[in-house]
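Reader: I would like to work through this model one feature at a time. Please give the general idea before each case.

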Amino acid sequence: MREHLNHILELLNSGEKRSREIFEAVNVSEGTARKYLKILQEENKVVSPQKGLYDLHEDYRPLTPLENRKIVKDLIHFQRDTLIIHRRDLDFLLTQPDPDPDEKQRLLDCIKTLALSIDRLLKRWNLLTQGYDANTRQAVEDAKHKTVEREKQNLENAPPEDQRTEVGHFHSELKVLWDNLPESEKKSKTV
């Protein structure tokens, strides 16, 4: 049952759907699909803005790239402002003749936590926008993989003579002999 519920949620992830579209996609009876939709509505995962029309609840609807960008920008601004406040506090604390070690440690811990959260935030942003985090090694590996895939596809579409792969060489003297053979002989001797 949970598998069908998840299938309905995935289907609604792309936008509103009519009940008939859901019944056909989930491949269950109409009554069973209605029961599943009712369960999802009770769990507040699905809403029905009109009779026979279903959509994900706004809490489960995916964010658009623009919404993601705004959230990341707001978080960056928040962290920047918080770091400015902590820096002022830390500067003030360090200028005192006898700074309180506990207060100093608390401020350093706050700055460390903020720095870690910035790192996580930027990794999330890179994953959302680029498909990988800020790890350049992973980006290089992804680029290599894409290049290999492109070369495979180009090879599949190439004419048969370009799809040949040389697997070995004859002894150098035999290669000279092979090169001196007439073309008709070469064609009859090759696979």
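Author: Start with E103, which has 28% relative accessibility and counts as partly exposed. Buried means under 20% relative accessible area, exposed means over 50%, and partly exposed lies in between (1.4 Å probe, protein chains only). This is a predicted model, in which local features need pLDDT of at least 70 and side-chain atom pairs count only at pLDDT 80 or more, while totals for chains, interfaces and linings use all residues. Residues are numbered from 1 along each chain as its sequence is written, and side-chain values use heavy atoms, with hydrogens and water left out.

Reader: With which residue does E103 form a salt bridge?

Author: A salt bridge is a side-chain nitrogen of Lys or Arg within 4 Å of a carboxyl oxygen of Asp or Glu. E103 pairs with R106, and their closest N and O atoms are 2.5 Å apart. R106 is likewise partly exposed, at 39% relative accessibility.

Reader: How are E103 and R106 placed in helix α5?

Author: An α-helix has 3.6 residues a turn, so residues three or four places apart point the same way. E103 and R106 are 3 residues apart in α5 (residues 101-130), which means that about one helical turn separates them. Helices (H or I, at least four residues) and strands (E, at least two) are DSSP runs numbered from the N terminus.

Reader: How many salt bridges does the structure hold?

Author: There are 5. Among them is D81 with R80, where the closest N and O atoms are 3.3 Å apart. D81 has a relative accessible area of 38%, and R80 one of 44%; D81 is partly exposed, and R80 is too. Another one joins K45 to E43 at 3.5 Å between the closest N and O atoms.

Reader: Which residues of the largest nonpolar core touch the most other members?

Author: In soluble globular proteins, nonpolar side chains tend to be buried together. A nonpolar core is a set of buried Ala, Val, Leu, Ile, Met, Phe, Trp, Tyr and Cys residues joined through side-chain atoms within 4.5 Å. Here the largest core has 16 residues, and I8, L12, I22, L37, L40, V46 and Y54 touch the most other members. At least two residues each come from α1 (2-12), α2 (19-26), α3 (30-42) and β3 (53-56). Leaving aside neighbours within four places in sequence, L12 contacts K17, I22, V46, Y54, D55 and L56.

Reader: Which residues of α4 are buried?

Author: They are N68, V72, Q79, T82, H86, L90 and L93. The expected span of a helix is 1.5 Å times one less than its number of residues. With 31 residues, α4 reaches 45 Å from its first C-alpha to its last, close to the 45 Å expected.

Technical notes: Contact = heavy atoms within 4.5 Å.
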